[in-house]
Amino acid sequence: MDYEAVIGLETHVQLKTKSKMWCGCANEFGAPPNTHVCPVCLGLPGVLPVANDEALRLTALTGFLLNCTVTRYAKFDRKNYFYPDMPKNYQITQYDKPSTINGWVEFEFKGGLARVRITRAHLEEDVGKNFHFERTSGVDFNRAGVPLMEIVSEPDITSPDMAYEYLNALKDILVYGGVSDCDMEKGMVRCDVNVSVRPKGQQELGAKIEIKNMNSFSGVRKALEYEIPRQTEVLKQGGKLIQSTRRWDDAAGITEEMRTKEHAHDYRYFPEPDLMPFQPTDAWVAEVRKRVVELPLARKQRFMRDYQLPASDAQTFVWDVLLGNYFEEEVRSIPAEIQGERRAKKIKVVANFIINNLRAEIARQSEMPSSEISSKGEIKEARPYPIHGLIVDLANLVENNTANSSTAQVIITEMFRTGKSPATIIQEKGLAQVTDAGAIEKLCDQAIAANPGPVGDYRAGKAAALNFLKGQVMKLSKGKANPALAGEILERKLKG
Ligand SMILES: [Zn+2]
């Protein structure tokens with residue numbers, strides 16, 4: 001009998017706000033322990049929470065980015081449990097009335113597109129962090145009360161690889177939208193994995209087994225690669241799986257049981273009495289909607305469609321938003337009358353200059369961040385780009401044979417450093433491509449005279465020797481000879 005896995009993910013993401021969810025303490029990673037705390041986030045008696053409006057906005061924005069319905073009535077509940085890192089002994093969370101419901105994420109998978117439905121993205125608060133020392137333990141409450149969003153997927157995921165790609169797509173969307181930095185090293189994204197196995201074709205789900213608190217996407221994939229065969233094996237042996245919670249041991253590469261359903265928590269949810277239900281106005285929702293950005297996948301598809309770029313180039317412009325924006329501006333300076341194949345060819349030359357040369361130049365000039373997204377979701381430009389039109393000018397000079405591929409490299413480097421136009425650089429440096437057959441002929445004669453060995457090889461049938469001789473001609477011309485013409489003349493002379 002064949003078995004199949006059914007996987008759903010609960011992804012917790014720290015929101016990119018200046019302050020915490022219910023108080024004015026800074027939402028900042030890396031400060032000395034217990035320096036961003038106050039009576040509210042320490043859960044002292046008598047304090048009252050005030051909801052962070054930006055966290056509510058970022059949650060609604062996530063709803064839009066994930067194709068969800070942004071609800072007009074959300075409320076907060078208390079989820080009661082005792083744990084030392086949570087001083088109130090309850091977590092404030094959206095339970096039965098979340099801010100967003102019913103959406104989906106689309107992403108590239110196995111050469112096609114996959115879609116995972118989103119049940120909800122709701123807002124809650126993070127807890128502190130326990131540290132265990134040799135003889136004592138300590139709690140750092142800097143993280144307690146940081147706004148946390150939980151994104152719950154439907155059980156639409158069928159394999160470890162699909163879970164991995166879904167998580168990466170989700171992360172890219174949240175970073176693009178300015179919702180979260182999703183820095184895994186800083187623990188900004190954590191996952192709970194729900195996985196069950198059932199005989200193929202069976203409608204009813206198998207016993208749900210949860211793997212808690214995963215903090216890397218590759219960890220999620222590895223845990224599933226272990227857990228699915230484990231469950232399958234139990235069923236094959238005629239065993240029975242029961243609903244339970246497990247922990248992933250990354251060092252050992254196994255999952256271990258933590259508790260079974262009999263010991264499951266009863267969280268005794270009830271409405272948070274200190275917070276009004278949240279009922280956003282039309283104006284508030286419209287303001288949030290304005291912050292919706294083009295998603296990474298849509299951008300990639302648009303770059304491939306509108307500019308006929310290969311997937312790898314489009315992907316580069318998705319990863320590096322500023323570079324992609326610069327490319328689009330540059331393409332706008334190609335005259336509209338250039339159309340069809342000629343336009344596509346020119347765009348590709350421009351893309352190559354930007355991806356290969358401009359990127360290297362940016363790396364050389366500075367260690368500037370590749371892009372910086374402000375809290376309002378706008379991208380701040382922080383790079384020394386050449387003024388628009390210059391790269392297209394250079395592409396024109398390549399097209400009309402004034403520059404060849406090797407002089408173009410010299411020109412573009414000079415252009416980035418001086419800001420001068422390619423035409424000026426060609427003139428000043430005497431870099432114009434030599435297309436005068438007479439001049440090239442002389443260089444070919446020199447190359448033939450100086451290299452009797454390769455000439456003999458070529459005449460004896462070694463066709464590759466021609467490339468060597470062509471290289472000598474290019475060298476003699478200081479890279480300026482038209483390579484195609486040089487090849488033709490050499491071949492004619494050697495055969496003659
Ligand atoms: Zn506080």
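Start by selecting α10 and helix α11 (residues 422-429), whose axes come within 10 Å and cross at roughly 110°. The model on screen is predicted. Angles of 65 to 115 degrees count as roughly perpendicular, and α10 and α11 are therefore roughly perpendicular to each other. The crossing of α10 past α11 is right-handed.

Now show side chains. On α10, pick I411, E414, M415 and T418; on α11, pick P422, I425, I426 and K429. These residues make the contact between the two helices. Sorted by class, the contact of α10 with α11 holds 5 nonpolar, 1 polar and 2 charged residues.

For the contact itself, select F353, N357, L358, E361, R364 and Q365 on α8. Their counterparts on α10 are A408, Q409, I412, F416 and R417. Colouring by class gives 5 nonpolar, 3 polar and 3 charged residues for the contact of α8 with α10.

Viewed as a crossing, α12 passes α15 in the right-handed sense.

Which residues of α12 and α15 make the contact? From α12 come A437, I440, E441, C444, D445 and I448. From α15 come L485, A486, I489, L490, R492, K493 and L494. By class, the contact of α12 with α15 has 9 nonpolar and 4 charged residues, with no polar ones.

The last stop is the zinc ion. Select C23, C25, C38 and C41 and display their SG atoms, which are the protein donors of the zinc ion. The donor atoms lie 2.3 to 2.4 Å from the metal. What geometry does the site of the zinc ion have? Checking the angles among the 4 donor atoms gives 101 to 115°, and the site is tetrahedral.

In the sequence panel, the donors of the zinc ion follow the spacing C-x1-C-x12-C-x2-C. To place the site in the fold, select β1 (3-14) and α1 (53-65): C23 and C41 both lie in the loop between β1 and α1. The two are 18 residues apart in sequence, so the pair ties together parts with that separation.

Methods. Residues numbered from 1 in each chain as written. Predicted model: local features only at pLDDT ≥ 70, side-chain atom pairs only at ≥ 80, totals over all residues. Heavy atoms only, no water. Left-handed = near helix turned anticlockwise from the far one by under 90°. Helix = DSSP H or I, 4+ residues; strand = E, 2+ residues; numbered from the N terminus. Contact = heavy atoms within 4.5 Å. Nonpolar A, V, L, I, M, F, W, Y, C, P; charged D, E, K, R; others polar. Donors = N, O, S within 2.8 Å, 3.2 Å for Na, K, Ca; no water. Tetrahedral: all angles 85-135°; square planar, octahedral: opposite > 155°, others 65-115°. Axes fitted to C-alpha atoms, helices over the stretch in contact; angles between N-to-C directions. Parallel < 35°, antiparallel > 145°, perpendicular 65-115°, else oblique.
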